[in-house]
Amino acid sequence: MQILLVASAFNSLTQRVHAELRDRGHTVSVELAPHGESLRAAVRRYEPELIVAPMLKTAVPREVWTAHTCLIVHPGPLGDRGPSSLDWAIHENASEWGVTVLQADAEMDAGNVWATVACPVPPVGKSDLYRNEVSDAAMAAVLLAVDRFASGTFTPRAQDSGADAADVQVRPYVDQRLRRIHWDSDSAETVLRKLRAADSQPGVLDELLGADWYLHGGHPEDSLRGRPGELVATRAGAVCRATTDGAVWIPELRPRRRTGGPATFKLPATTALGDRLPALPESPAPPHLDGRLRTWSDIRYREEGQAGFLSFAFPGGAMSTAQCRRLLDAYRTACSRPTSLLVLGGTRDFFSNGIHLNVIEEAADPGEESWANINAMDDLVEAVLTTTDRLVVSALGGNAAAGGVMLALAADEVWCRAGAVLNPHYRLMGLFGSEYWTYTLPRRVGTDTADRLMDDALPVSAVTAQRLGLVDRLVACGPQDFAAEVAATAVRLASMPATQARIAAKKADRERDETVRPLASYRQEELVRMHRVFFDPDAPYHALRRAFVRKEPSAGTPPHLASGLPGRHGEVARRPGDSVTGMASRKAAPGPDGC
Ligand code: COA
C-alpha cells in the first residue's frame, strides 16, 4: 500500500512505524512538520491510499481528511482526549494505559476508532514509557488499523458506541502549575511522580540555589536525608535533593530561558550548576546493588552463574567523555571477574546514542570536547573489541543510534528487543563517524550494505537489523521483561561447554584480523576525518549540532525521508572517497545455537 506518514518530527515512534510498515512491504513517504499547504501538496504528490499520523501536534486540514482516510495515533486509552495523555497517566499513577488509533475528524481526538491496544505503565519517565510500552501498543494498533483498512470491510466506530464503549474524558494540558513540587509537603513518591511525568520534557520548573531551573529525570534514593528541598549529595553528575521523607536523584538541569534569549538545553546537573554548586559529598552508588536497593546509579554490575552483567543507562542515550571513561573503568573491572560471558547494556530504553552533543555544545571549545568524547568512545569500543578471554554480548533493550550502534557491534553478539529501532549512520550530524565502524559494520553486513546504511541514513527495525546481520538474537518481550529474558539466555550460554571453544576461536580470529590490518589503523583513518570536521568551524557538524541540541524545528521534510524509495544519497557529510568499499567483509559467525 502507498502510505503517507505525517508527523511533527521524525521521532522514535514515527521512525518505528516507518521501519515496520516498510518491513511489511508498504511504500512509505513522510511529510514532516506539516502545515495546511505542505500537507495538501504532499497528498497531491504521493497520492497515498492511506495517511497515518504517528505523532502530530497540529490539525489535519479538512479537505485532506474528508478526501482520505487519516489515522491519528493518540497515546491514550479509548475515550481519552487531550494533549498531555501520558503526563496524566503518570500523574494519576495509572497501572494500565493504552493507545488508540482514531480517524481524523473536525474535533481533536474525537474521531471514530480503528484500533485500541492497552499497555502497562511501569514506574519510569514519560519519554521512556513512550519509547517502549506505548511504542509497542502504538505499533500493534497501527498494524491492526492498517490491516483493517486494507480489508475494506471494517467500519470504525464512535468512541462511545459498541460493547466496550468508553466514557469520554477530556484531560487538560498539564502546565507548570500542576507540575510544581512542594518540597515542604510532597513525599519522595509524589516528587518522583511529578519528575517522571515531566521527563524528558518539559521538566519541572523549580527554584534551586537562587535561580530558575527545569529539573529533568527523577530516581529514588534509599538512605540519604536532609532538610526538604536541600541538596545533600552528588553522584556521577547528578544531584540528590531531600524530600520530607527521603530524597531523590535528579541527573539533569536546564536553565529557564530568558525572554528573547537563546533556547536552553539539558546538562548534567553538576555541570549546569557550575560555580553555584555548594560543597557536597560525592556519594558513589554502593558497589553491589541487589534487588533490595533502589538507589539510582547509571552504571551497575552484577553476576549470575558464569555471566557478568554491566548495565548502564544515560539520559537520552548520550555518552559524554566522563560517562565513557566511567563505563570503561567499570568494563575493565567487570573483565577482571572470573566470568565466561559479559553482557553489556541497559535493562530498558536507549542503549546508546553516541557522543554527548549537549555537553559538547556547552564546552568552552566544542571542537576539543568533540575530540575528547570520540576518543573516549573509541577507547571503550576498543576495550570491547580486544576482549578475548570471554564472550561479550550487547543487550539492546531499546533504541540505539550512530556511535551507540557501533558500540553494540563491537561485541561478539548483539541481542535486541524486538521493538527497538536502530539508526546505524552518522551523516545527519555531518560526521563520518568513528567507534571502529569501518571494521565492525562491513564485517557484519558486507561493504555494500554498510555503504547503503550509511548513505540512506534511515532507521531500521530490529527485525530488519537481524536480517541484515546487525543483530544476532531478537528478544520478543515487553520492555520490563527484557533484562530477565537476557539474563536467562546469558546464564545458559555462559555455562555451555561450546562457549569455551568459541572464546578460543574468537581470540584466534582477533589475532588474524590484527595481522591483516591493525585495529589502530581503522581508528586512525576514521579519526583523521573526524578531526578535520571537529576543528573546521565551517563544517556543517557545528550548525547541525547546535540545531539538534537547541531543538530547532526542522524546516520541512529532509530529502532522505521525502521519497518512499530508499537509497537516496544524502549531501550532508559524505564526500567523494568516503565509501567503505574495499574494507574487510566478513559476516559474523552464528552462535552455537544458531542465533
Ligand atoms: N547527545 C545529546 N542528546 C541526545 C543525543 C546525543 N547524542 N541523542 C539523543 N539525545 C537526546 C535528545 O536530545 C532527546 O532529548 P529530550 O528527551 O530532552 O528531547 C533525547 O535524547 C531523546 O532523543 P530523541 O531525538 O527525542 O529520540 P528519538 O528516539 O526520537 O531519536 C535519535 C533518536 C538517536 C535518532 C536522535 O536523538 C539523534 O539523531 N541523536 C543524535 C545521534 C548522533 O548524531 N550522535 C552523535 C554521533 S556519534
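In the predicted model, Arg545 lies over the face of Tyr541, 4.9 Å from the ring centre (a charge sits over a ring if NZ of Lys or CZ of Arg is within 6 Å of the ring centre and within 35 degrees of the ring normal). Tyr541 also forms a tilted aromatic pair with Phe534, at 5.3 Å centre to centre and 50° between the planes. Rings of Phe, Tyr and Trp (its six-membered ring) pair if their centres lie within 6.5 Å, with planes under 30 degrees apart counted as stacked, over 60 as edge-to-face and the rest as tilted. Phe534 and Tyr541 are both buried (under 20% relative accessible area, 1.4 Å probe, protein chains only). The charged end of Arg473 is placed over the ring of Trp415, 5.0 Å from its centre.

The whole structure contains 10 aromatic pairs. Among them, Phe432 and Trp437 are tilted, with 5.2 Å centre to centre and 50° between the planes; both residues are buried. Trp114, Phe149 and Phe154 are linked into a cluster by ring pairs.

Of the 25 residues around the ligand, Ser200, Gln201, Lys266, Ile355 and Lys551 come nearest (a residue is near if one of its heavy atoms lies within 4 Å). A ligand oxygen atom is 2.4 Å from a side-chain N or O atom of Ser200, and an oxygen atom of the ligand is 2.8 Å from a side-chain N or O atom of Lys551.

Residues are numbered from 1 along each chain as its sequence is written, and side-chain values use heavy atoms, with hydrogens and water left out. Local features need pLDDT of at least 70 and side-chain atom pairs count only at pLDDT 80 or more, whereas totals for chains, interfaces and linings use all residues.

Technical notes:
Polar contact = N/O pair within 3.5 Å; in protein donor to acceptor, adjacent residues only side chain to side chain. Buried < 20%, exposed > 50% of the residue type's maximum accessible area, 1.4 Å probe, protein only.
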